[in-house]
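Please read this report with the sequence and the 3D view side by side, and look up each part as it is mentioned.

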Amino acid sequence: MQRILITSAFFAALIALWKAGTVVGGWSPVLLPPPEAVAEYLWGALKDGSLLEASLVTLKRLLIGYAIGVLIGLPLGLVTSTSEIFQDTIGALALGLQTLPSVCWIPLALLWFGQTESAMLFVVIMGTVGSVVIATSTGARSIPPIYARVARTMGSEGLDKWTRVILPASLPFLVTGMKQGWAFAWRSLMAAEIYVTILTGFGLGHLLHYGRELSAMDQVIGIMLVIIVIGLLADKALFAPWERFMHRRWGTGVVK
Amino acid sequence: MSTMDALVAAPAAKLAVEHVSKWYRTTRASVQALDDVDLAVNEGEFVCLLGPSGCGKSTLLDIIAGLTPPDGGRVLADDVLVQGPGGRRLVMFQESALFPWLNVFGNVMFGLRRLGLNAAQRREIAEYHLNLVGLAKFKKAYVHELSGGMKQRAALARSLAPDPRVLLMDEPFAALDGLTREQLYFDLQGIWGRRKKTIILVTHNVREAACLGDRVVLMSPSPGRIREEFAIDLPRPRDINTAEVAAIAQRITSALRGLSCNVS
């Protein structure tokens, strides 16, 4: 309860600062609209359904792209961790992909797929896979080798060892990898939606883009806030349960 | 209790280490860790491998466990050549190596999965061994909630539950405080008396070896060799603080000093 109060007070103070800036600063309201103008836009967009629809379109793309990215990235990352040869090949490739900002995939995606959903998904997947592979393989390599040794003496080898020891032992790193992947997927999708104009669905990125085209700063800021809030909520909904599970068992998560 | 009886009644193992040698090669040099080591361990015997660090005692334990192949020689367990871990010679390490994603009960259950037992039998065996090490009340605790001594108790229960032929202990008490250690010496002797396992324990603590072993095998480093053996014929359970144990420890210590003079 106390934590909720502190958090609310912090964000209320930020908004108050923003409001004070618009009153005292003398900037044009076209460049810096007051908080209530943004709230008004958001309320309007919520009522006419455009905000909800855009959010759903975006989330659908995000979840599909992210799921595919993780399904490719997790196994690849685990495989990468098993040998130096894989690290020097798959690992190097993944590191290269991760270094490449996902915006850089957009020209290629547009030429390959045109203005389509596929182009959008492609960018998200390429943005996700590299970071998931890197985080997972780094994680799996930092499992204390003694777990595998002790399991082998108890007759656990091969598949049994992987499912009952290596995978659970790497859970903390898998969660880190998936979180990292999520952040990258979210960034990639926003880049894709801002640059790829398609008619099959109007996402949050498009709303942001058209806000700029129309010089509607209240829309630009409003949509940015929505993107932040969705990111935070997704983090809580998707990863917090896993983290609680882990912290309880590993005894981690409390810095005192 | 028929499953329990069958498991408890399995006879202890005979173990033969024959002419085992091991080198560790790095890009620069090749170090001989073990040189022509011979060791025969009887059924139900408690053998302590004692020596300074670098004498290859942990390497020897790894080879007996089947975790590391020897470069020369062989190990026979029950007259069968050791070619891998295989699940019949379990190891307890200095750090407990308990699995943090499982609670204490889950850890003790881990090695029982592959023995062809049903769930009820597995639970019964796990409960029995948790009682044996005095952790029945902590079966639901997670690893980070246990003290150092409790972790080693849990690790002992986990190693004993699948009824191994041989229990290999690699300095299991080295990281514990003195009081906890002495309690565990006592408890281990009690458990050993009840389960009559063949135990090989690696240590660099002379008193610990004198207190626990039927036989203390002295090793010297560079390369690791077996140098001397002491049969210890004191009644059990032994208390590490008695004059008898101290006297034997004294004899072993002077033998160790003689070794290090010869070596250097």
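From the N terminus on, the elements of chain A follow the order α-α-α-α-α-α-α-α-α-α-α, a run that amounts to 11 helices and 0 strands. This chain, like its partner, belongs to a predicted model. Along its principal axes the C-alpha trace of chain A spans about 70 × 50 × 30 Å, and of the 256 residues in the chain, 36% count as buried. If one takes the contacts in chain A between residues at least 6 apart in sequence, 73% of them join residues at least 24 apart.

For the complex as a whole, the predictor gives an ipTM of 0.84 and a pTM of 0.79. Chain B has an average pLDDT of 87, and 93% of its residues score at least 70. Among the elements of chain B, the lowest mean pLDDT, 49, belongs to helix α1 (residues 2-9) of chain B, while the highest, 94, belongs to helix α3 (residues 104-110) of chain B.

**Where the chains meet**

How many residues of chain B are in contact with chain A? There are 21 residues of chain B in contact with 14 residues of chain A. On the side of chain B that touches chain A, strand β6 (residues 89-92) of chain B gives the most, with 3 residues. Sorted by class, that side of chain B has 13 nonpolar, 4 polar and 4 charged residues.

**The sheets of chain B**

One open sheet of chain B has 6 strands in the order β6-β7-β8-β3-β9-β10, with mixed pairing. Its edge strands are β6 and β10 (225-231) of chain B, each of which pairs on one side only. Neighbouring strands of this sheet are turned against each other by 20 degrees on average, with direction ignored. Helix α5 (residues 148-160) of chain B packs on the sheet, where it touches β6 and β7 (166-170) of chain B, and the direction of the helix makes about 175 degrees with that of β6(B).

Another open sheet of chain B has 4 strands in the order β2-β1-β4-β5, with antiparallel pairing. Here the edge strands are β2 (30-41) and β5 (80-81) of chain B, each pairing on one side only. Helix α2 (residues 57-65) of chain B lies across β1 (15-25), β2 and β4 of chain B, and runs at about 120 degrees to β1(B).

| Strand pair | Sense | Bridges |
|---|---|---|
| β9 (residues 215-220) of chain B and β10(B) | antiparallel | 6 bridges |
| β4 (residues 72-77) of chain B and β5(B) | antiparallel | 2 bridges |

Individual residues can be followed across these pairs: B:M219 stands opposite B:I226 in β10(B), and B:A77 stands opposite B:V80 in β5(B).

**The domains of chain B**

The domain assignment of chain B gives domain 1 (2-88 + 170-263) and domain 2 (99-163). The centres of domain 1 of chain B and domain 2 of chain B, taken over C-alpha atoms, are separated by 24 Å. The contact takes 13 residues from domain 1 of chain B and 13 residues from domain 2 of chain B. On the side of domain 1 of chain B that touches domain 2 of chain B, the elements giving two or more residues are α1 and α6 (178-195) of chain B. Of the elements on this side of domain 1 of chain B, α6(B) gives the most, with 4 residues. The residues on the side of domain 1 of chain B that touches domain 2 of chain B divide into 9 nonpolar, 3 polar and 1 charged.

**One residue in a loop**

B:P172 lies in the loop between β7 and α6 of chain B. Is B:P172 buried or exposed? B:P172 counts as buried because it has 26 C-beta neighbours inside 10 Å, and the cut-off for this class is 20 or more. Leaving aside residues up to four places away in sequence, B:P172 touches B:M92, B:Q94 and B:Q152. The C-alpha atoms of B:P172 and B:P237, which are 65 residues apart along the chain, are separated by 19 Å.

Methods: Residues numbered from 1 in each chain as written. Chains lettered and ligands numbered in written order. Predicted model: local features only at pLDDT ≥ 70, side-chain atom pairs only at ≥ 80, totals over all residues. Contact = placed C-beta atoms within 7 Å. Nonpolar A, V, L, I, M, F, W, Y, C, P; charged D, E, K, R; others polar. pLDDT = per-residue confidence, 0-100. Pairing = 2+ DSSP bridges. Axes fitted to C-alpha atoms, helices over the stretch in contact; angles between N-to-C directions. Domains from an automatic or database assignment. Buried ≥ 20, exposed ≤ 12 C-beta atoms within 10 Å, placed from the backbone.
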